[in-house]
Amino acid sequence: MSGALVLADGTVLTGERIGARGTAVGEVVFTTAMTGYQEILTDPSYAGQIITMTAPHIGNYGVNDADDQAGAPACRGLIVRALSRRASNHRAEGELDDYLERHDIVALTGLDTRRLTRHLRTAGAMAGAIGSDRDVRVLRELAAAHGGMSGRDLATEVTCDGSTRVPAAGRPRAHVVAYDLGMKRDIVSQLSARGMEVTVVPAGTPAAAVLAERPDGVFLSNGPGDPEPVHATIAAVRDLLGRVPVFGICLGHQILGLALGARTYKLPFGHHGGNHPVRRLSDGRVEITSQNHGFAVDLWTLTREDPPVPPVGEMPGPRLLPTAAVGRFGRIRPTHQNLNDGTLEGLACDDVAAFSVQYHPEAAPGPNDALGLFDEFVSAVT
Amino acid sequence: MPRRTDIDSILVIGSGPIIIGQACEFDYSGTQAVKVLRADGFRVVLVNSNPATIMTDPELADATYIEPITPEAVALIIARERPDALLPTLGGQTALNVTMALAESGVFDEYGVELIGAGVDAIEAAEDRGRFKEIMGSIGIACARSHYVTSIEAALGAVSDVGYPAMVRPSYILGGGGTGLAHDEAQLRSIVAAGLDTSPIGEVLIEESVMGWKEFELEVMRDRADNAVVICSIENLDPMGVHTGDSITVAPAMTLSDREYQEMRDEAIACLRAVGVETGGSNVQFAVDPATGRRIVVEMNPRVSRSSALASKATGFPIAKIAAKLAVGYTLDEIPNDITGATPSSFEPALDYVVVKIPRFDFAKFPALDPVLGTSMQSVGEAMAIGRTFPEALQKGLRSLETGRCGLVADPSAEATTGTLTELLARLAIPSPERIFSAADALQMGASVDEVAAVTGYDPWFVDQMLEIVEVAAEVATSREDPTWLRTAKRYGFSDAQIAHLWEIGADEVTALRSAAGVMRTYKTVDTCAAEFEAATPYFYGTFEDENEAPVAGDRTVIVLGSGPNRIGQGIEFDYCCVHATLELAQAGYEPVMVNCNPETVSTDYDTSSRLYFEPLTPEDVLDVVAQEQPVAVIVQLGGQTPLSLSVPLEAAGVPIAGTTPEAIALAEDRERFAALCDELAVPQPASGTARNPHEAEQVAMGIGFPVLIRPSFVLGGRGMRIVDNVDELRDYVGSLYARTHGEMDLANEPLLIDRFLESAIEVDVDAICDGSEVYIGGVMEHVEQAGIHSGDSACVIPPPTLDPAVVKEIEELTIRLAHGLEVCGLLNIQFAVKDGEVWVIEANPRASRTVPFVSKATGVPLARIATRVMMGDSIAELRAAGLLPTTPPALAGRTAIKEAVLPWKRFPAEDRVLGPEMRATGEVMGIAPTVGAAYAKALRAAGHVVPTSGTVFISLNDADKPEGIRLAHRLADLGYRILATHGTAGHLARNGLDVTHVDKVGEGPWDPVRLIEDGRIDLVINTPSGTRARGDGSSIRQAATRHNVPCITTVRGGRLLAESLRAGGGLDTVASLQSHHARASD
Ligand SMILES: Nc1ncnc2c1ncn2[C@@H]1O[C@H](COP(=O)(O)OP(=O)(O)O)[C@@H](O)[C@H]1O
Ligand SMILES: Nc1ncnc2c1ncn2[C@@H]1O[C@H](COP(=O)(O)OP(=O)(O)O)[C@@H](O)[C@H]1O
Ligand SMILES: [Mg+2]
Ligand SMILES: [Mg+2]
């Protein structure tokens, strides 16, 4: 059955329909990850988005329960070049197509995904709608009517309903409260594997409720969309800073940045993939990281300087980040930088115990290079 | 960390001649590295014995030594050049092994040479299989259960633990040399014996077999700040048990979940760290049990490799170039990614396409071999294809191979499958070059994916993708001329020829239907980043999508067609010529565009031309590139037979061909028409005739007089050629041809060509350039072996050592006459035979030849570049005036240059090493020195022959060679050789005053020559086979010599030159750089 993707700017691409029937509308983004489609589909950070996989063959090794990052996918749709009809892997428990249908994910295959990627790269991430190619007019209207990601508090939509406690694997060494802003399961596993008892709480949990748990540390999870409207969490973090060590990942990093008084901004087409080089500024080491975000923290907003203009046709250098900034809780140091575009990938506070990274040290999917950050958090809370 | 400033000069070691397992990928890697090191201000000294490489071009390194890559020669070069550092990781196993030998002998300490890239400890840790396993164990990485042993007895002990079948793996080897799977004690004994011999340190591993597991490779890079990245993952379609070099491989890996892939990645990086590869690239191989996911590491190569070249071409990430920069101190994040220009090299390429590499085999040239694949590599080349999906890339790859197939299925040239499905499935269990096609046949006959996967060991995912191809073919077949199926078929990689076959119409009709339906090829960019960043790379592949990324054509574009996968007879020499053409075109202000599908080569480096199209060299694919690029000319005469045979369809489509016209090319190729032209030009040719049936063949042969040389016209490249002495042999031969073609030989349309065979004639090769009015003679080369031995298998010498100047003059005159007669514009190669002072023409090829690089290196005149200028309209006179050509023909200033062929006998011990009119050499080396003897001595050493200056020689001569053989025997006796011979030869030599020891015939007594060879009591074998009866004793003696590394000479002329070389000692006192030779010559 033929299907189509219609973008907000009117561009139409055609393919074959797979997954669930019906139409879906959302922000169309692309990820360059070559493995890990199931982790990507179930990463709540993709809430509200239609994911384009640049890797052509998707579904090759099937799906299984262990790789799910959440109970169900939060994304709106999936676009691939070639869906595999037959999975082959000893870990496979089912086919991707069935999985999409079961989870009501509308999807397309056979599309010129490279053309789509190039378009999004140059025109920026934009809304789109997928469905039957007979409904192009409807799809066009849906795409045009979509409000975009900015200003929407998606984290509150995907957070858990109430708090739960995950025991530490082995002897408990510390107790942390984790704000679930759309948290991936592997994050909890990484914390628990390091002897942390984790109390997972909803996005809107006030600081007082968290402190009542007497945690050794607070973790701010990844999550979807724009951090700015996630007011409740930002406010809670402000109350927690200085009282308990804080560690944030991805959206959690942005929330921390906002709590410290910095601003965030939308990247043209985001970072989604498993191959982003990130330099640890303390020693120059480069980690290959897993990334999935559309917004970033601007530390220049906490300095008196004007941000430098990024060089064209040259590798971005360290001068694209300020050496330090001063926010609500004192001095802030950039700790990590993306080597592709020079954007901020991590920060640490000198005067309160708080640090965060924009990327995903828990991998799943992606390289495990940065797992050590969880150990750093453990040392901070034990 | 920036570039090191404490080193100024670096010695780079190349990999020597092209052999099976070590091919032109090392020219690609070495060339990249030398270029980048020099650009960074280092003085680069290079040693490589292979003249056909780009890396040995005199402009590339500061000092280029075309000398044997032996510890002795390299030590001399180090003493002379005093390099600060040595980079051992670019020249394959050869460079690593020489480096280890030099380290052991203390040369590096003596001269203060630092190893960069990988140190001795790291090389040892990776290459010594025993130590490697220990290290892996210590960091918790699993390997197959194994024991390493240094004797057969110990091997028998080890097998009681690992059980049969047991895998035998020698240390420090390449291309799976000496490896094998032993199913019982007898096999174990023979494989271990050979393995101990193959390993330079006499060590083999006896290992649990993991036959049938999935095989993967990761290409890893590490810098001195300990940053590590994986550039590419490669999955083998053929499971463990088929060498990765002989497997169809796919990038990126297709059947690993992210968790499994990341674990493998972590282990690969941990492996590099533990082994201690400080900087550069390494290849780590894994095996995975498909049933459980259990993973073991198979081996790691601490250097660039065939796989790293493939990975570079597959991703656009230039591993060798980056490895060289890392070796001199840079870190990955300091080096920009060429392709984006604005992002660093410390990243992992993201692919949005699928790459398939398919090996190419030449089993037809080695009739004694079973075309069965195993752990020891046998392929001679490879093709790579890029498609958006696996089915597309697979079908493109199969038609890139140039074995006559258009794709996986629906192939007009495919033989009909025979037998039942059960029989077919049984055949599928045996890995062979044909297996992929048989698997498709089985699917077509209704076998299930699981059945095919179970017998082949292919992962079911791949089999299911193949089934999709089969299903599309079936749909297309039932939807005749329905354009809606065209797009689907094209996206599954079907060529127009396949669709035409299904629709029973012409391929051109399919093309027409396609353009009417708007199903046009689009080009996508290989950009390392899946389009995430803007890329400036001019590297494209064709596919069928919505968007075309190739730029709008310019008006000074010239397309150079490459030579496709390497094969015996068409190898690196042609790639060298194509690369030279692109360099010259760029210099002349054109935009060179390369079309080729060989991942090993310099020509498919995206840096080489203005734009690279990685595409199959078929009319359909090439015509589409032409349509895209709108070239002012297409160069077809530099890439060997492949582009030459495209000239006709190209011309028919109105494409402008540079230089010699397709019509003239066809005239030279058609032996009947060429004979007529020779008559007309009064150029003597051996009497010849054409036979259109067996009876006629006898008549023609008798008319000409025996012996005759017969060749079928339906196969090219000397295939099926035979020298025939009498009518009986003639009948046998024709019978065997019928058998080989399954009775389908059609002599009426493809007649037999019969020539008078010139016995004991001297063969001469000439390379020349003609501009239409003037002819430049590039070089006249005298062959060492007599006519009848293929020019590619014969050593050749420049200037001619024994030819009379009058004969040389005559050869030059005939060359000029033929050049004009054929209306050559560009290069021309002619082979002559000189017999009793008379000169005969054997064949003329109006194209670049195998000897162009050798002649260019010997004389300092870059023939392919000059020819490119000529094809683009410059005259020889103009080029001379511009100083690009010497005013007088180049003299070698008292030097002699010799090219020696390198043959794959060691790899194929079952094959009789007799030379004949079929070419079987895989590569070549060059020796250059003041005397013929010294030059040959070096060429022999470079080719791997170690002939002691005295010892015991076994001589066995055929009757024709006996008179000449006496002089040879005297020379050897004078050198102090003790002579052994069997009855006939012994009597003859004794009667002529030689002191000869009689030995028995093979198998007839205690002094059995085969036994003597096995016992190490013979140092040299001279055995000249008699005609076609080269079987029996001679053959078992020659095979014994091959097995035991005893040099074996099969021609008297070769023997004579050998004696001369022995008089010259090793020739190493003449070690000198190419630049110094050329400077002398132009003084
Ligand atoms: N234990 C084993 N069981 C079965 N096959 C093996 C085993 N070890 C290696 N092989 C096969 O032998 C091939 C060659 O072995 P390898 O050690 O990689 O040699 P090389 O160093 O020449 O590449 C591999 O590609 C693999 O297919
Ligand atoms: N008439 C002949 N007499 C003697 N040797 C010949 C003759 N013709 C060909 N040969 C030998 O056979 C070899 C291959 O023949 P050639 O015509 O050059 O075929 P190819 O196209 O394979 O190069 C030559 O290099 C030469 O040694
Ligand atoms: Mg190997
Ligand atoms: Mg020839």
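**Close-up 1. Ligand 2 and the residues of chain B around it.** A nitrogen atom of ligand 2 has a backbone N or O atom of B:Arg756 at 2.8 Å, which makes this pair a polar contact, a term that stands for two N or O atoms within 3.5 Å of each other (within protein, one must be able to donate a hydrogen and the other to accept it, and residues adjacent in sequence count only if both atoms are side-chain atoms). A polar backbone atom of B:Gly788 lies 2.9 Å from an oxygen atom of ligand 2, and a polar side-chain atom of B:His790 is 2.9 Å from an oxygen atom of this ligand. Ligand 2 taken alone exposes 540 Å², of which the protein buries 94%; such accessible areas come from the Shrake-Rupley method with a 1.4 Å probe, and for residues only the protein chains shown count as cover. The model is a predicted one, in which local features need pLDDT of at least 70 and side-chain atom pairs count only at pLDDT 80 or more, while totals for chains, interfaces and linings use all residues. Residues are numbered from 1 along each chain as its sequence is written, chains are lettered from A and ligands numbered from 1 in the order in which they are written, and side-chain values use heavy atoms, with hydrogens and water left out.

**Close-up 2. The shell of residues around ligand 2.** There are 20 residues around ligand 2, and B:Arg711, B:Arg756, B:Glu763, B:Gln831 and B:Glu843 come nearest; a residue is near a molecule if one of its heavy atoms lies within 4 Å of it. By type, the shell holds nine nonpolar, six polar and five charged residues, where Ala, Val, Leu, Ile, Met, Phe, Trp, Tyr, Cys and Pro count as nonpolar, Asp, Glu, Lys and Arg as charged, and the others, Gly among them, as polar. At least two residues of the shell come from each of the strands β24 (708-712) and β31 (838-845) of chain B; strands (E, at least two residues) and helices (H or I, at least four) are DSSP runs, numbered from the N terminus.

**Close-up 3. Ligand 1 and its surroundings in chain B.** Ligand 1 is surrounded by 22 residues, of which B:Arg169, B:Gly176, B:Glu207, B:Val210 and B:Glu215 are the closest. The shell around ligand 1 is made up of eight nonpolar, eight polar and six charged residues, and β7 (166-170), β9 (204-208) and β14 (295-301) of chain B each supply at least two of its residues. An oxygen atom of ligand 1 lies 3.1 Å from a polar backbone atom of B:Gly241, a backbone N or O atom of B:Gly175 is 3.3 Å from an oxygen atom of the ligand, and a polar backbone atom of B:Thr244 is likewise 3.3 Å from an oxygen atom of ligand 1. Of the 550 Å² of accessible area that ligand 1 has on its own, the protein covers 98%.

**Close-up 4. A loop of chain A with two backbone features.** A:Ala364 and A:Pro365 are joined by a cis peptide bond, with omega about 5 degrees, and A:Pro365 lies in the loop between β20 (354-357) and α10 (372-381) of chain A. In the loop between β20 and α10 one also finds A:Ala363, which has a positive phi of about 60 degrees although it is not a glycine. Most residues other than glycine have a negative phi, and most peptide bonds are trans. A:Ala363 has a relative accessible area of 1% and is therefore buried (buried means under 20% relative accessible area, exposed over 50%, and partly exposed in between, with a 1.4 Å probe and protein chains only).

**Close-up 5. A cis peptide bond in chain B.** The peptide bond between B:Ala251 and B:Pro252 is cis, with omega about -10 degrees. B:Pro252 belongs to the loop between β12 (249-251) and α9 (258-275) of chain B.

Close-up 6. B:Asp184 is located in the loop between β8 (180-182) and α8 (185-198) of chain B, and a polar atom of its side chain lies 2.8 Å from the backbone nitrogen of B:Gln187. With a relative accessible area of 34%, B:Asp184 is partly exposed. B:Thr31 sits in helix α1 (residues 25-39) of chain B, where its side chain reaches the backbone oxygen of B:Asp27 at 2.6 Å. The relative accessible area of B:Thr31 is 3%, so this residue is buried.
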